[in-house]
Amino acid sequence: MSYTVATIPGDGIGPDVVREAIQVLDAAGKVFGFSLEYREAPMGGRAIDAFGSPLPAASLETCKNSDAVLLGAVGGPKWDKLPGAQRPEAGLLGFRAGLGAYANLRPARLFPGLEGASPLKASVIGTGLDLLVVRELTGGIYFGDRGRSPDGESAWDTERYSKPEITRLLRVAFDAARGRKKKLCVVDKANVLESSRLWRETAKAMASEWPEVELSFLYVDAAAMELVRAPGRFDVIATSNMFGDILSDEAAMITGSIGMLASASVGGRRPDGRPGPGIFEPIHGSAPDIAGQDKANPLATILSGAMLLSHSLGEAKAAAAIEAAVGRVIAAGYRCADIDSGDPAEKIVGTREMGRLVTEAMLEAGR
Ligand code: NAD
């Protein structure tokens, strides 16, 4: 089997971490019998320098015509003074909108051995933390009607969701829960918001299709507290755009390191109705402060590569093998500087060495 993957290395540490993820993906292909053909698509600051646009039309086309997209990060001080629409981040927004991905998947997982990186006490983390936030990405208050009164003294933003928008997002969440620990918690503010009541009704009406999934509900304020009181109780959280924006960052922080966290944006369709390419990327930015110094942790991008295999290419076993390889490298005591706990038994390595270790662990699994 052969797949095409568009790669957007981007700026800062983006090219460094994407390079390592490609190595690991190729190793997974060797072990599991598939090949990946990469097509590089310039975007962000580098595209501004080369083509005068943060999102050249040809790059968007390359991505649309691929099976999946692997993205590093874009942006940096060099382009910070440009006007809004010409900045690298504008390219990113146009790109996500262009692919129509409406579901953002943000796993927050604490690998055994990294408990010390979490700001939470060991007694709170308990036996571990492994949850997934499924956030609606293209609707709700960030896209609703907004305005200012003529005198400028008041302003409004509107939270509006349709049943089809909620249904398609919850479908992704129910399916994800079925493939994990089979628990789905819908987070809303149904005691106050009418749109939240529609989320609840819709979830309840859908639940019979996933009888093996235990469905629960939590108000967003309670969910924010529970995430730091007992994060281990969660499996999959499904929620609206704004609540998901906030809770996914909270969940990320309790794992302790931005360099470990992967994400996926999925759900878009091709003109012929087939699923469109998902976008897989680390949650961190281009980290200009450590760019080109072999200091960036590539694991978030490597784990994004694992998500790419399972969500866009149907290579779930290869994805699980990458996650297991990362787990073994961490268990063996290897750390990038961002997850260094100060324990003298830990071995601090750079970007390239971490990529090589995971690639080796991956190839070893196939021997
Ligand atoms: P950032 O995530 O780039 O960096 C925040 C801090 O985390 C820095 O100290 C950085 O060194 C560290 N860090 C980030 N990734 C790391 C990794 N893999 N390994 C080790 N340390 C890591 O956020 P920022 O500094 O606010 O933004 C820098 C640039 O990135 C800005 O131009 C911003 O617009 C852009 N950005 C892009 C994306 C994206 O492409 N999706 C997301 C966020 C920020």
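The model is predicted, with local features requiring pLDDT of at least 70 and side-chain atom pairs counting only at pLDDT 80 or more, while totals for chains, interfaces and linings use all residues. Residues are numbered from 1 along each chain as its sequence is written, and side-chain values use heavy atoms, leaving out hydrogens and water.

Cys63 counts as buried because its relative accessibility is 1%, where buried means under 20% relative accessible area (1.4 Å probe, protein chains only). Cys336 also counts as buried, because its value is 0%. Across the chain, buried residues make up 51% of the 367 residues.

The fold comprises 12 helices and 14 strands, taken as DSSP runs (H or I of at least four residues for helices, E of at least two for strands). The radius of gyration, taken over C-alpha atoms, is 20 Å, close to the 21 Å from the globule rule for 367 residues, so the chain is as compact as a globular protein of that length; the rule is 2.2 Å times the number of residues to the power 0.38. Along the principal axes, the C-alpha atoms fill a box of roughly 55 × 50 × 40 Å.

Among contacts (heavy atoms within 4.5 Å) between residues at least 6 apart in sequence, 75% join residues at least 24 apart.

Methods
Buried means under 20% relative accessible area, exposed over 50%, partly exposed in between (1.4 Å probe, protein chains only).
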